[in-house]
Amino acid sequence: MTRHPANPILTRADVPDLPPLLTDATSVFNPGAAKAGGRYVLMLRVQARSRETFTMVAEGRDGVRFAVRPEVVELRGLGRLRERVYHVYDPRVTRLEGAYYVMFAMDMDGGCGLGLARTADFEAFDFLGLVSSGDVRNGVLFPEKVGGAYLRFERPNRARHAGGPATGTEVWLAESDDLVRWRPRGPVMAGRFHYWDEYIGSGPPPVKTRRGWLHVYHGVATHFGSSNIYQAGVALFDLADPSRLLGRSRGNILEPREPYELCGQVPNVVFPSGMVVEDTDAEGFALESSPVKVYYGAADTAVGLALTTVGDLLAAASENEPG
Ligand code: BMA
């Protein structure tokens, strides 16, 4: 992938003050993305100096320059949840059956869970519930039913970096009839110990192509147990049976190199979370020639934009396994 020359496309300086909640924001990162009615929309993870997390919406016409709306997203109905939610973060946006669904992580007393919200217009958001059990993160909804069921990838948190939060080495596939109650089907992709993606988790939601479900993900390399390196890679899953991994990039396709990726709240991080595919055919398959915009969090501090095409991602996903 190639970095856009305007990177980082959003920094804390772009976040409007909303006193007393938010003044002089600390960081803005890990955005969900969609193209809705000709405009590009980002759902941003904004952190305040109180270390509270807010979700904010940014909009733009060209996918590069964004204006952050001066309001905090309210998830209608979240207050009805019995668990206390400390942080809502890392939203992933999927267009499904004519609406936009946002799946996000929620930090609670018992660990991390997945929450789901629906919006028609990125103005009003309805919270649909806590949609996971156990400690899990990086939930991404498929854009359509497959074999009669709604599907998502998710990443159970069953491992831990030295001194760090719970993380995971496997992406799982889960299915649902109503988007609220989910049944895990099993692991579909594992981390490659010793190489670039030892710990893994989904990035943006999978994209339908004629050759399979194209899926950008993140991999974490532990570097002598000190600084973990977060990178982006790409995998391909079977169209009819997305539990079948068809291919996977041998190396990463984006790694921290620029100062805004190497330095920040959490150094050495590129964290892909939003993806816009420009061109699809009449049946909704992404065209191989289509430009792709990948939005990513840089060092848990700013938002970067990387450019590629569906064809280039497919080529990278057929390189396959080291080790
Ligand atoms: C992961 C997630 C991301 C974050 C990354 C780097 O485990 O929590 O939200 O960007 O760590 O800190």
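**Exercise 1. Find which side chains Asp90 touches, and where Asp90 lies.**

Step 1. Start with two side-chain partners: Asp90 and Asn30 are joined by a polar contact of 3.1 Å between their side chains. A polar contact is a pair of N or O atoms within 3.5 Å; within protein, one must be able to donate a hydrogen and the other to accept it, and residues adjacent in sequence count only if both atoms are side-chain atoms.

Step 2. Arg45 is another partner, with its side chain in polar contact with that of Asp90 at 2.6 Å.

Step 3. Before going on, a word on the model: it is predicted, so local features need pLDDT of at least 70 and side-chain atom pairs count only at pLDDT 80 or more, while totals for chains, interfaces and linings use all residues. Residues are numbered from 1 along each chain as its sequence is written, and side-chain values use heavy atoms, with hydrogens and water left out.

Step 4. Now place the residue: Asp90 belongs to strand S7, residues 85-96. Helices (H or I, at least four residues) and strands (E, at least two) are DSSP runs, numbered from the N terminus.

Step 5. Is Asp90 buried or exposed? Asp90 counts as buried because its relative accessibility is 4%. Buried means under 20% relative accessible area, exposed over 50%, and partly exposed in between (1.4 Å probe, protein chains only).

Step 6. Look at the backbone too: phi of Asp90 is near 50 degrees, a positive value in a residue other than glycine.

**Exercise 2. Describe the surroundings of the ligand.**

Step 1. List the residues around the ligand: Asn30, Arg45, Asp90, Arg137, Tyr230, Val266, Phe271 and Asp300. A residue is near a molecule or strand if one of its heavy atoms lies within 4 Å of it.

Step 2. Check the polar atoms. Asp90 has a polar side-chain atom 2.6 Å from an oxygen atom of the ligand. For Asp300, a polar side-chain atom likewise lies 2.6 Å from a ligand oxygen atom. In Tyr230, an N or O atom of the side chain is 3.1 Å from an oxygen atom of the ligand.

Step 3. How much of the ligand's accessible area does the protein cover? On its own the ligand has 310 Å² of accessible area, and the protein covers 87% of it.

**Exercise 3. Find backbone features in the loops.**

Step 1. The peptide bond from Asn7 to Pro8 is cis, with omega near -10 degrees. Pro8 is in the loop between strand S1 (2-3) and strand S2 (27-36).

Step 2. Pro19 and Pro20 are also joined by a cis peptide bond, with omega about 5 degrees. Pro20 lies in the loop between S1 and S2.

Step 3. In the loop between strand S15 (170-176) and strand S16 (182-190) you will find Leu179. Phi of Leu179 is near 75 degrees, a positive value in a residue other than glycine. Leu179 counts as buried because its relative accessibility is 5%.

**Exercise 4. Check the cysteines.**

Step 1. How many disulfides does the structure hold? The structure holds zero disulfides; a disulfide is a pair of cysteine sulfur atoms within 2.5 Å.

Definitions and conventions
Areas by Shrake-Rupley, 256 points an atom, 1.4 Å probe, with all protein chains shown as cover.
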